[in-house]
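Open the structure in your viewer and keep the selection panel at hand. The stops below are meant to be taken in order.

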6 protein chains.
Amino acid sequence: MKAYLTRRYRFPASHRLFLPDASEAENQRVYGKCNNPHGHGHNYALEVTVSGQLDLHGMVCDLPRLDAFVTREVIERYDHANLNHLPEFAGKVPTTENLGLEIYERLRSFGAARLERIRLEETRKNSFEIGNMLP
Amino acid sequence: MKAYLTRRYRFPASHRLFLPDASEAENQRVYGKCNNPHGHGHNYALEVTVSGQLDLHGMVCDLPRLDAFVTREVIERYDHANLNHLPEFAGKVPTTENLGLEIYERLRSFGAARLERIRLEETRKNSFEIGNMLP
Amino acid sequence: MKAYLTRRYRFPASHRLFLPDASEAENQRVYGKCNNPHGHGHNYALEVTVSGQLDLHGMVCDLPRLDAFVTREVIERYDHANLNHLPEFAGKVPTTENLGLEIYERLRSFGAARLERIRLEETRKNSFEIGNMLP
Amino acid sequence: MKAYLTRRYRFPASHRLFLPDASEAENQRVYGKCNNPHGHGHNYALEVTVSGQLDLHGMVCDLPRLDAFVTREVIERYDHANLNHLPEFAGKVPTTENLGLEIYERLRSFGAARLERIRLEETRKNSFEIGNMLP
Amino acid sequence: MKAYLTRRYRFPASHRLFLPDASEAENQRVYGKCNNPHGHGHNYALEVTVSGQLDLHGMVCDLPRLDAFVTREVIERYDHANLNHLPEFAGKVPTTENLGLEIYERLRSFGAARLERIRLEETRKNSFEIGNMLP
Amino acid sequence: MKAYLTRRYRFPASHRLFLPDASEAENQRVYGKCNNPHGHGHNYALEVTVSGQLDLHGMVCDLPRLDAFVTREVIERYDHANLNHLPEFAGKVPTTENLGLEIYERLRSFGAARLERIRLEETRKNSFEIGNMLP
């Protein structure tokens with residue numbers, strides 16, 4: 001029988017939301033306070049869900065291996081970072097949705113279990129999910 | 001790629017659970033303390049999940065627009081309310097399940113993204129989900 | 001050496017805030033939505049802190065004894081209750097502050113350890129403490 | 001319309017992770033500190049999700065009936081237990097995954113609503129889901 | 001009898017920790033990743049505790065009045081802000097400790113109840129308290 | 001001005017509560033399920049509060065230094081441990097109260113700020129505080 005493992009990580013980061021090609025008034029209308037000139041930040045929580053048949057050791061996958069992979073691909077890159085200064089957000093607004101898509105792509109190649117979905121919490125009131133969801 | 005946005009709201013309300021047509025003994029057996037004559041209350045937490053392709057602004061949908069819609073359709077109606085005195089619960093027991101169905105119907109016409117499901121938390125131990133779930 | 005034990009309980013209840021002698025306009029100004037005519041409710045969380053030297057069993061006090069005392073004095077009385085209909089709130093507004101004072105008085109006679117203070121959480125955003133605090 | 005009810009339970013228990021047939025070095029490599037000789041423990045949180053059409057009483061199912069079933073089948077068995085000493089884990093590593101499979105099997109025969117899935121939280125960072133999930 | 005009211009607020013903000021007069025190596029040694037050049041951010045949670053005798057309305061103080069005061073003095077200033085660009089942190093490192101001192105000073109003049117202390121949560125693992133504490 | 005820093009740590013461990021000199025009936029009466037023969041466990045949360053004037057860097061104390069001290073003195077010793085097998089609990093019941101006293105003593109010699117108190121959470125419903133509290 002298959003089981004789903006969800007592992008939770010945390011990292012603080014900062015961003016400013018604005019479209020370089022839009023007018024200041026347009027950016028203010030769309031992004032409100034998130035468009036404040038010097039940026040603001042969040043304590044992001046990331047949940048990674050992988051699935052698989054249990055192995056000989058009674059586990060979905062080796063946990064240190066998952067942690068090492070997520071740390072190398074995601075945490076080391078985004079922990080204490082200013083998202084606007086990263087190349088993957090050149091010409092793209094670093095909304096939490098876009099950050100989520102980026103993280104999902106970075107985690108797809110995990111070899112020890114099947115990546116199902118990620119959930120990225122921006123605040124206690126806002127979260128985003130990407131991956132295998134209902135059609 | 002599609003993303004799912006979940007937004008969390010809170011509102012306190014009160015209710016009393018009983019079937020007007022049932023005997024007092026029957027109501028006591030079915031609803032226990034929830035049948036106490038003058039009602040009791042909860043801090044409800046409501047999570048609304050909508051989905052969509054990211055728009056030009058890198059978002060599932062405009063958040064202030066979602067908030068305005070949920071506030072007008074749900075929060076203004078149920079915040080600090082006694083559910084038993086609302087017309088939609090005339091002849092219907094205002095269980096959290098029935099409140100959830102009512103909220104789901106009220107939110108279906110949201111135009112800026114697809115309503116997927118709602119989750120209504122009655123206490124830390126009890127929650128209900130309605131909408132697109134597994135078959 | 002002394003230790004402080006804090007034990008957490010939960011109970012839902014409902015109340016309506018208004019001063020019978022005040023005008024409707026005055027009640028609306030002071031209590032806002034909390035003055036809605038049929039009441040509303042909360043999931044209250046109660047934390048009871050007691051202190052003492054550790055006994056032979058390595059404990060501040062016998063936990064089942066504390067639970068039985070708090071259940072008899074507080075939980076059985078307020079769980080699933082409408083506070084406005086209780087005699088101790090006749091002529092008194094059942095604010096969470098006043099409920100806290102009432103609970104504190106009810107718990108003072110606990111014999112197995114010293115009652116230090118109580119904390120009563122109305123919502124995640126509001127809580128009240130009563131008892132031995134800083135001068 | 002169908003609704004999903006999720007109910008949350010908690011129980012502390014202890015376990016030691018090791019394969020009797022594997023060498024000490026192998027067990028240390030796979031399980032790390034979880035292989036410490038005298039075991040360690042967790043406060044497990046169990047979420048049980050059942051679904052159904054709302055009944056006459058406006059409920060997915062009778063809550064005391066669900067609680068009695070889960071208590072008899074799961075809580076009484078695993079609350080304050082050392083998992084390694086239970087017969088179902090003879091020859092099987094009592095990982096939280098395996099405990100989850102065992103709990104899922106024990107809950108399948110619930111008659112008052114359809115068991116959809118369980119979620120077992122080992123720590124705030126780790127949880128497992130078993131049951132009706134996406135394909 | 002006196003009661004203590006604690007009210008919780010949330011605001012995201014960003015900061016970069018470094019001493020302008022210190023060498024880069026020194027800043028890196030002291031602040032680690034918090035010294036990353038473009039800053040990072042947090043979802044701050046602020047708890048404000050005030051005390052007083054209950055008034056005629058059964059309250060420590062008028063809650064909308066407290067909210068308006070904290071919003072004007074603190075939230076409007078720090079919500080979605082980059083702390084390094086604010087005049088009060090010119091020549092001062094915007095650590096959460098220093099932000100806490102600044103917030104405490106801004107709240108001292110509240111007239112409707114006695115300010116006791118503030119608690120500022122930077123992450124789930126770190127918090128700071130300032131005000132009337134034990135000697 | 002002084003500030004108080006509280007830092008949160010987590011570690012799972014297991015224990016069995018019983019007095020070797022007491023009869024089985026007596027142990028059962030006092031400790032109930034906590035006396036189960038093979039032990040059970042918890043995810044302990046430890047909060048360490050230290051205080052001090054802010055230093056040149058705007059901090060109560062160097063956080064990595066505090067973390068290293070707590071890790072060496074407490075976490076490495078109790079993480080994934082069975083408390084009953086540790087020498088400090090020979091002839092002493094490893095209740096969470098006694099574990100708290102032990103942890104408090106181990107942390108007193110911290111040199112970079114004043115240890116004020118510790119708080120040890122056994123479950124969401126139970127916690128213990130030791131140190132500088134109200135008289």
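The tour follows one pair of chains and the interface between them.

This is a predicted model, in which local features need pLDDT of at least 70, side-chain atom pairs count only at pLDDT 80 or more, and totals for chains, interfaces and linings use all residues. Residues are numbered from 1 along each chain as its sequence is written, chains are lettered from A and ligands numbered from 1 in the order in which they are written, and side-chain values use heavy atoms, with hydrogens and water left out.

Select chains A and E. Chain E is superposed on chain A by a rotation of 180 degrees with 0.0 Å of shift along the axis (RMSD 0.0 Å), fitted by least squares on the C-alpha atoms of residues with pLDDT of at least 70 in both copies. That is how a two-fold axis relates copies. Now pick E:G41: its C-alpha is the one in chain E nearest the axis, at 1.7 Å.

Next, show the contacts (heavy atoms within 4.5 Å). Here 21 residues of chain E touch 21 residues of chain A. Highlight E:H38, E:N43 and E:H80, which supply 36% of the area that chain E buries against chain A, more than any other three residues. Buried area is the accessible area (1.4 Å probe) that two parts lose on being put together, summed over both.

Then display A:D79 and E:K33, whose side chains form a salt bridge (2.4 Å, N to O); the term means a side-chain nitrogen of Lys or Arg within 4 Å of a carboxyl oxygen of Asp or Glu.
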